[in-house]
Every structure is written in C-alpha cells, then in structure tokens.
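Biologist: I would like to learn how to read helices and salt bridges in a model. Could you walk me through it?

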Amino acid sequence: MRQFFKYVLATLTGLVLFALVGVVLLVALIAAAASSDKEVTVASNSVLELKLDKPIGEREFNNPLSGFTGGQSSSIGLDELKAAIRRAKADDDIKGIFLNLELVQGGMASMEEIRNALLDFKKSGKFVVSYTDAQSEKSYYLASVADKIYLNPQGTLEFNGLSSETMYYKNLFDKLGVQAQIFRVGSFKSAVEPYFRTNMSDSARLQTSSFLNSMNNAMLAEVAAARKIAPARLKVISDSMLVHNADDAKLLGLVTDLGYYDQATDYMKGKLGVEKDDKLSLIELSDYEKADDDDEEGSTSGNRIAVVYAEGDIVTGKGGNESIGSTRFAEAIRKARLDKKVKAVVLRINSPGGSSLASDIIYREVMLTKKVKPIIASMSDVAASGGYFIAMGCDTIVAHPTTITGSIGVFGVLPNIEPFLRDKIGVTTDRVTTGKFSDFPTITRALTPFEQSQFQAEINRIYADFTTKAAQGRRMPVERLRRLASGRVWSGTEAKARGLVDVLGSYDDALRIAARRANLKEGDYRIQKLPRQKSFAESLFSSFSEEAKMRMVREEMGPMYPMYQQYKKLSEMKGAQMRMPFEVNVQ
C-alpha cells in the first residue's frame, strides 16, 4: 500500500509540474502575441532612446524564457540597431538620440559600426545626448560622438586602456586527473595553452600585446578627433590613468557635463522647446522597431544582395541561431548562389572559428558562389581561424581596424580521463577489439606513440591544406603566407598591412563593394537576410528545454560550473579545430 501511495504521489507531482510548465508556456505565448500585435506610433518631437543594456550580436536574438529559466538573455541586433538609427535620421518626428549607456556588451568592431551610424545621424543636424552613471571604455567610445556627454557627479569613467585576461586550467585538470593530449601546428596556435600551461607563452603574450595596442590606438584616434583632444595627450591620460572620478573626466574634457538623469532630460526638453514640467517624449528602441514593419531594406526592385550572417562557433550539422552549422550555412550560401534574383553576396562573419571539417564545407560553397557572382566578406568583431577560412575564398575581404582576424592554424585536443575515473571515482575500463586500433580515438586511455604520430600527421595535413588555400585566395606565395600564419592573431589594421585583408571598412562598405561588383546602383536592390532564424515558437520550446537542463546543471555544480563548461567544451572538440588561439575578452 505504501508503494501504491508513493507512485500516486509521484504521478500527481509530475502532473502538477507539467501543468505549471504548460501555464508558463501559455503565458509566454500570450505575452509575445500581445507584444507583437501592439501598435506603435511615433509622436512628433520625440527622442529615440538607445538603452544598450543587453549583449550586442549581429542579429537580434530573443530568448522568450530567459526571465523564467535564468538562461541567456535576449540580445540587441547590430543590424536592427543600425537600421533604427538610419531610419531616425530621416524621420521628421525624431529630433535626437538619447544614449542611455552603462556597461555596453559587444566587440570593438560592433562599437565602431554603431558609432559610425551615430556620426551619420548627426549629419542631419539632429542632436545626440549621452548619459551614464558609470561608464566603461566601450560605452565611452560610443558616447564620445555625442554633442552633450553627461556623467553622474558621483559616477566613474573607465579610461585606462584595453586588457585581455585568459584563464588556465592545467592545475585543475591535474587535480581532477584529466590529461589533455595536445596536437597543433604553429608557434602562435595557443588555443590549447589553457589546458597544459599555467600562464601565457611568450608568443601568446607577443601577439596579444600587438593586436590590443593596435585596437587601442585606433580607438584613441577616433575619440581624439571627436573630443578635439590631441591624440598624444589622450594617450597620456589613458596610460597614466589620470581619470579617477567624474571631476577628473570633466576637467580633462572627456565629458561635457556632470549631471543627473533628470538634468540630461531637461537639456533635451530645452532643445525641443518643451517645458521642464512637461514629459519628454522618449521612444525606446524596441518600440521604434515595431513602428517599422519593413523586413527587407531597399527599393521595390527585384534585384537582391544576399547577406549571410555567420556568427558564433563553426560546428558540423545544422547548428543554431548562436552557431554556424555547416549544413545550415552551406544551404544558405547555396540558396543565394542559385537564386537568379540575387546578384551578389555579402558574408558577414563574427566567429572565432571551430571545426575544420565544417569550415571546409562552407568554404566550398563560397568558392562555387565566387564562380557565378560576387561574394564579399565583411568581418565584424572577430573572424579568426575557421572564421578566416570561410572568408579567404571571397572576392574581397573587408575588415574593421579593430577586427580580430588571422589565426591561420590548426589544433586537436583529446582528453584522457582514465586517471580521473580510476583515482577519483573508482571506475576502471577494459575492452575487446577486432584490431589493434579499433578503439582509436578514445578518452579512457592514453594514446600510444604511434597513435599520437598519426593524430599529429593529420593535423599537419589539414594545416597544409589551410595555408595552401589561403595563399591561393590571397594571391601570394605559400611560403610567405605561412610566415604570416602559425596561428598568429592580427588586428584588422595589422592584417591589411600584411595582405590578409583587402579593405579597412564597415559592413556598409562591404555592401557598396558588392553592389558595385554586381553593377547595381544605390536603390536598385533589396537586402535578403540569410539563413532564416528560428521562429518564436521554435525558440520558445528549444530554449525552454535547453535552459531548464543547463539551469539544473548550474545549480548542481555551483561554483564549479565554469570549470564544467571548459571540460564540456574540451570534450566536444571532435576532430581537428580551427579556432582562436584563446578566448579573447577585451575590456
């Protein structure tokens, strides 16, 4: 009887949980439907408020259950953000832009794209006002274009240069009994260093210092021009960390005013002729986007330029909205190639690389497309290793000065968890095989010297293929290309000087080049965005199952969860990898 009641109780509990899940999904669906049906009108004498409080990606990403599961939040699409700024420039009802900034989350090239869009907006004669309580280096880079830069009197402004920190896991793996068996080509291919070192190698430190300084110099030059401060003086302010508080920022000319949020809004009211006691008409980015139902930019012409957005790790298979699946992206490029209405293709890349096999599958489609119509690569924050591989076959490669690129190299990692299983949890393994190498590769024993040599030989072969194709794409001798390779990372400026990219410019520059190559005039084409993103319903159900699972793992692992993520990433690196030398997090 006790067992009977136990099963009944378990069944009832399951039904209750299922019902709760159903309610959550229903509420989310109703909320989303209501939000999408909401009619938005732009009042006259309005100000567009850009509150950049979410991660910035190439395209807008909505996780409908982030509030319920605590998983990844929605992101702001760079493409949609720039379109809104461009539309606001010509919108008679929009009189200015209000930058409500905090710790902006995005890469330096994305910041440059937004900044350039704001500079173009100012050509209309409309104002840009910025306000922050605490300002990071990246948010100040954006704010520097504003006519008025308000900083909270008790706030802070970070202006002390860029840095990049790498975490190393050798000691952790030693304690756990996990051995990382490493195979690589190139002295700069240091993606695997965190698994067998406790600090940076000299080559890793050299390349990081080089591209960080290149990015920092590019940023300082643009800020100096905007704030009318001599570049040398601005470099001293940064290197000497002369800004300690808001008063310093004002004294040194980095901000125009020390004031609170209400004072910034009062200033805008004055610009608009609105009484201080009246409400300022601010329209948020999300609402302004809803007021524009045009999904495809451009004219009514049947001509199209297809923009294929490749963002995230490069993986085999379909992948998802946050990864570059070889099957999905090969299909997208193939669709653009076979569509007679598509006259040119822009491959927009924001990727640190990934699977060498997946990269080669996508590269093949790029080369086939190149034979029949122009295809231009537009590099965003990062287009390195596999990200560079899929770009190098394009007719022209366009990169920002701050784009992280290059990293032409290959590596492979095969963990051996036999010591962990045996010594930490008391598990041993045994096997029966039909041949001497039937269980190769495996993670439950160390590789033999012969197996190691075979693995390394395959890495060498893929590296030779990578560099040969890169040399052909860049029209340079392979010996010269390999001197620039070895896994080394470059900034866009450095890569341009070495012939690895053709043009320093933006996404819009790449679009113009594509149109020119296709003999299309401005206004004589539309933009077609590929690949198709998941629908709301698809995102809803997939995000619920994935986020619910990951939340359980996070709660179970606690402070060890970041280490689990690294082990999971290591175990998922199947086959040869074309990845960045390490995870670059520029602060």
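**Reading helices and salt bridges**

Modeller: Let's begin with E222, which is partly exposed because its relative accessible area is 21%. Buried means under 20% relative accessible area, exposed over 50%, and partly exposed in between (1.4 Å probe, protein chains only). This is a predicted model: local features need pLDDT of at least 70, side-chain atom pairs count only at pLDDT 80 or more, and totals for chains, interfaces and linings use all residues. Residues are numbered from 1 along each chain as its sequence is written, and side-chain values use heavy atoms, leaving out hydrogens and water.

Biologist: Which residue forms a salt bridge with E222?

Modeller: A salt bridge is a side-chain nitrogen of Lys or Arg within 4 Å of a carboxyl oxygen of Asp or Glu. Here E222 pairs with R115, with the closest N and O atoms 3.3 Å apart. The pair links distant parts of the chain, E222 in helix α8 and R115 in helix α4, 107 residues apart. Helices (H or I, at least four residues) and strands (E, at least two) are DSSP runs, numbered from the N terminus. R115 counts as buried because its relative accessibility is 2%.

Biologist: How do α4 and α8 lie relative to each other?

Modeller: Two packed helices are described by the angle between their axes and the distance between the axes. The axes of α4 (residues 108–122) and α8 (residues 202–227) come within 12 Å and cross at roughly 20°, so the two helices are roughly parallel to each other. Angles under 35 degrees count as roughly parallel, over 145 as roughly antiparallel, 65 to 115 as roughly perpendicular and the rest as oblique. Axes are lines fitted to C-alpha atoms, for helices over the stretch in contact, and angles run from 0 to 180 degrees between N-to-C directions.
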